[in-house]
Amino acid sequence: MKISPSLLAADFANLQSSVAKVEHAVDMLHLDVMDGCFVPNISFGPAVIKALRPHSKLFFDVHLMIERPERYIEEFRKAGANGITIHVESTENPAEVLKAIRALGAKPAISISPDTKAEVIFPLLPLCDMVLVMTVYPGFGGQKLIPACLDKVKELKAEMARQGLNIPVEADGGIGAANLESVLASGVDVVVAGSAVFGATDPMAAVDAMREIESSLGT
Ligand code: DX5
Ligand code: ZN
């Protein structure tokens, strides 16, 4: 299991120290970009990512919840994004955007919201280095995981096997120690956790607790 804590749940007045708290315990840093249009919330943009970049060596896993992300991928890459995830629902030609992300030297990923069927992204899988399955409606941290969304992880893994691909699947939304077992059982490779990590009094202890759960499962 890789852990990608979502900065959305961190103290926005102290982002640098929030990242430092988990820097050596996690695998990536999940950065949720919201435009108030694709989702009904506004978070932060490339300037914040650029400001954080010199303070962390983590892989910046940038999740774009914005309309027509093609307008901004270059800016996010320049700001320091290592991976750029776009929503299949956010653009007319996701294939071209994924190719453009790769051409910029970043790792492309495609995301599906809860109401989008897994099969919609089957043709895009060869263009992706990761797939993000939303387990809540995008827009806000601190929501409850929708269990039915996890069924899509199995469907995607089966389709990947059919296509001869092996792409990590990330799950995002409402994940924490309490439901980690069922999330991992569905085949998820990368776990995003916002409130469960940065909302905890001790983010490091929260990450350790998640790792302990994983090892107790023997996965
Ligand atoms: C929701 C975001 C998530 C969110 C996760 O739109 O994409 O990454 O920050 O936060 P929690 O873990 O609190 O659900
Ligand atoms: Zn996210």
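**Around the ligand**

Guide: By class, the shell around ligand 1 holds 8 nonpolar, 10 polar and 2 charged residues (Ala, Val, Leu, Ile, Met, Phe, Trp, Tyr, Cys and Pro count as nonpolar, Asp, Glu, Lys and Arg as charged, and the others, Gly among them, as polar). This is a predicted model, where local features need pLDDT of at least 70, side-chain atom pairs count only at pLDDT 80 or more, and totals for chains, interfaces and linings use all residues. Residues are numbered from 1 along each chain as written, chains are lettered from A and ligands numbered from 1 in the order written, and side-chain values use heavy atoms, leaving out hydrogens and water.

Visitor: Which residues come nearest to ligand 1?

Guide: Asp 32, Asp 172, Gly 174, Gly 194 and Ser 195, of the 20 around it (around means a heavy atom within 4 Å).

Visitor: What does the side chain of Asp 172 do with an oxygen atom of ligand 1?

Guide: An N or O atom in that side chain is 2.6 Å from the ligand oxygen, a polar contact (N or O atoms within 3.5 Å; within protein, one must be able to donate a hydrogen and the other to accept it, and residues adjacent in sequence count only if both atoms are side-chain atoms). Asp 32 has a polar side-chain atom 2.7 Å from a ligand oxygen.

Visitor: Switching topic: what does the side chain of Arg 53 reach?

Guide: The backbone oxygen of Gly 80, at 2.9 Å. As for Glu 75, its C-alpha is 13 Å from that of Arg 53, with the two 22 residues apart along the chain.
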